[in-house]
Structure formats: structure tokens, C-alpha cells
Amino acid sequence: MNKNICIVVGARPNFVKVAPLIRAINKTEGAIYELIYTGKEEDPTLEDSLFEDLQMPRPGIFFNVDSTKLNEITSRVMSEFDNYLENHPTDVVIVVDDLASTMAAAIVTKKRGVKLAHLVAGTRSFDINMPKEINRLVIDALSDYLFTAGVKSNSVASREQGETSQTYMVGNILMDSLRYNRDRLKKPQLDIEEGKYLVLTLNRKVLLTDKEKLAELLKTLVEVAKEVPVVAPLREQARKVIEEMNLGIKVVQPLPYLEFGWLSAHAKGIVTDSGNVAEEATFNMIPCITLNSYTEHKETVTVGSNVLVDGDAEKLRESLQMLMDGKWKTCELPDRWDGRTAERIVQILVG
């Protein structure tokens, strides 16, 4: 008898983590899956090249929830997913990361008495004022299977787990995708030389809305980089904010997955506010400066190539100067970044 696995995805970055899971399920006898996207079918971030690059199918079901209001997203996804589970026999639901839609699916799953698995469990900022922190706490508290990426997340999940839940340190599933696609990366059509440019990515609203602080950080970046170009593949809001500052940063359109992978793997260094980008940098052993005060994956700092500067321009200057001078810290791959995370997860779920 087949194990029916439902995978719920709420945003573009989730697909990179889901692709290895789908490959592993397809190779496992007695397991079938349904892939659901809570957003719109015509979501512009879900270009065809994303699924081609990841070698995975588009979702079979779209909920078409497109609100930007977190409570509205939660209520609408809950309604849609409740209707789905009413009509589709499901043994286990896998939710990814910490979005409002992720939490909504988690709540409905448990109300329906279906087993719940949280992919990338145990991550914490310990800032309860962050909506995503509340989502993480709720999802982990409800989950039957807590799949963590590292030692720190594992200890958090184990400490907080409920009576019936179980914690498994399966490793970082993002590495499954990076290893699988390592030889498929494509150089983008940009005027750049390997190892002679910096990459900048920005996405978090808290940074983009504080334009004065952001301008101070980016002026420092350009000043220390000097003749080394700063390449920034940015989406609409971030692109508009950076272009208005007119600092000489080379702003380009968002790149397809395999092209961005090449860009980040061959950079001199990376400046970002993205946890996923910092994880990729550690995998590629590329110096990475994260503008935030925290990271969901501490191992990128304690073992890997990542440094946190807490939005401080002076800390950014110091770190950038070390990067430019070739004096970056030594780093290595954290435990279980071996590309077999998806296999472990599927074996646990069907075992």
C-alpha cells in the first residue's frame, strides 16, 4: 500500500529544497506524492526555467492565494488546504520553512489528524517580534517529524518537541540540490571575470525600508570594493531602492537558478541578507558577509564561511577589508552536508 505524501510549498526558495525530496520519493517503492503551491499559478517568480533547472515538475495544485496580509494568507490557505485534505487521502504532510502559509497548512494538518513533518525545523532568531519566529514555534510544536539541518537546530527542536514528536538531524537539504546541480551551472551573460567581482543580494523588508541605514551599508561596500564590481541580481522592490541610491552597483535582473548558482560559486565574496545564499556560500567556500544580526543556520558561521555584521557599517567595513585582502577565515563543510538529506527523510517517512 502506497504512502501518500503531500508537500506544501509557499514561496520560490522552497522549491530548491523540495526538488531533492521529489527525486527521492520517485525512487522509493511504496511512496507517492502531491505537490501543492499556495500562491498563484501565474506567479512571475515561478518561471519555467526554475523547474527546468531543478529538473522537477510544476506543482499539481495551486491554491492561488496572493494576499500580502499575513492573517489573510493564513485564513485562506487554511480554508483551501482543509478542503484538499477532505477530498484527498493523505498519510503525511511535509511543510517547508517558516512562512504564514506553512503555518496555516501545519494547523490544518493536525486538526485533520494527519501526520505532520517540518522540513528545516528548529531554526530560531529568538526574536518573538518577528512573524516568522511565531510561525516556527507553532509549526515545530505541532510536528510529528522534526527534520533539522544542524546540531544547533537539533538541540532546539529536541528541547521543545511534544510528547509524540520525533527529531531527526537529517542534514541540510539545500546541499542536495547544490551537489546535484554542481556540474550543470551556467555562466550568465554578464561582463564579469571569475573571482573578480562581489555579489550583493537583498530581500528582507526590514532592511529595504530603512533606507538611511541601507545607504550607509552600501556606500561602505562600494568604497571598500573600489575597482571590484558589485553585481546585484535583484527583484522589483530591492532593485528600485538600490537604483535610486545611484551608488555604482551593477544591478541586474534576477537570474535563473543555475545562472545564479554559477555567479555565487565563482565570486570573490558575497554580501547578503539571505540565509540560503549564506548556506550556498559555505558549500562553495566563498567568503560571505550577512548583514543581519542572526542566522537561522549557525553552522555557516561557526564552521562555514559566513560572518554576521548586525547591520553595522563599521563591522561591514572591517569584514570587507579582510575579504578584499584575502585574509578570510578558514572554513569547512558542516556535518551532514553530504547531499543525502532527502534520502534520509523519505526513508524515515516510509519506514
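Trainee: Is I94 buried or exposed?
Mentor: I94 counts as buried, because its relative accessibility is 1%. Buried means under 20% relative accessible area, exposed means over 50%, and partly exposed is in between, with a 1.4 Å probe and protein chains only.

Trainee: Before I go on, what kind of model is this?
Mentor: This is a predicted model, where local features need pLDDT of at least 70, side-chain atom pairs count only at pLDDT 80 or more, and totals for chains, interfaces and linings use all residues. Residues are numbered from 1 along each chain as its sequence is written, and side-chain values use heavy atoms, with hydrogens and water left out.

Trainee: Back to I94, then. Which strand is it in, and what does it touch?
Mentor: I94 lies in strand β4. Strands are DSSP runs of E with at least two residues, helices are runs of H or I with at least four, and both are numbered from the N terminus. Leaving out residues up to four places away in sequence, I94 touches I5, C6, I7, V8, L21, A117, L119 and L349. Contact means heavy atoms within 4.5 Å.

Trainee: What sheet is β4 part of?
Mentor: An open sheet of 7 strands, in the order β3-β2-β1-β4-β5-β6-β7, with parallel pairing. The edge strands are β3 (61-62) and β7 (166-169), each pairing on one side only. Two strands pair if DSSP finds at least two bridges between them.

Trainee: Which helix packs on it?
Mentor: Helix α1 (residues 12-26) packs on the sheet and touches β1 (3-9), β2 (31-37), β4 (92-96) and β5 (115-119). The direction of α1 makes about 160° with that of β2. Axes here are lines fitted to C-alpha atoms, for helices over the stretch in contact, and angles run from 0 to 180 degrees between N-to-C directions.

Trainee: How many bridges between β1 and β2?
Mentor: 7, in the parallel sense. C6 stands opposite E34 in β2.

Trainee: And β2 with β3? How many there?
Mentor: β2 and β3 pair over 2 bridges, also parallel, and Y37 stands opposite F62 in β3.

Trainee: Different topic. How many disulfides?
Mentor: The structure holds 0 disulfides, a disulfide being a pair of cysteine sulfur atoms within 2.5 Å. C331 is in none, and the nearest cysteine sulfur, that of C288, is 11 Å away.

Trainee: Is C331 buried or partly exposed?
Mentor: C331 counts as partly exposed, at 24% relative accessibility. C6 is buried, with a relative accessible area of 1%.
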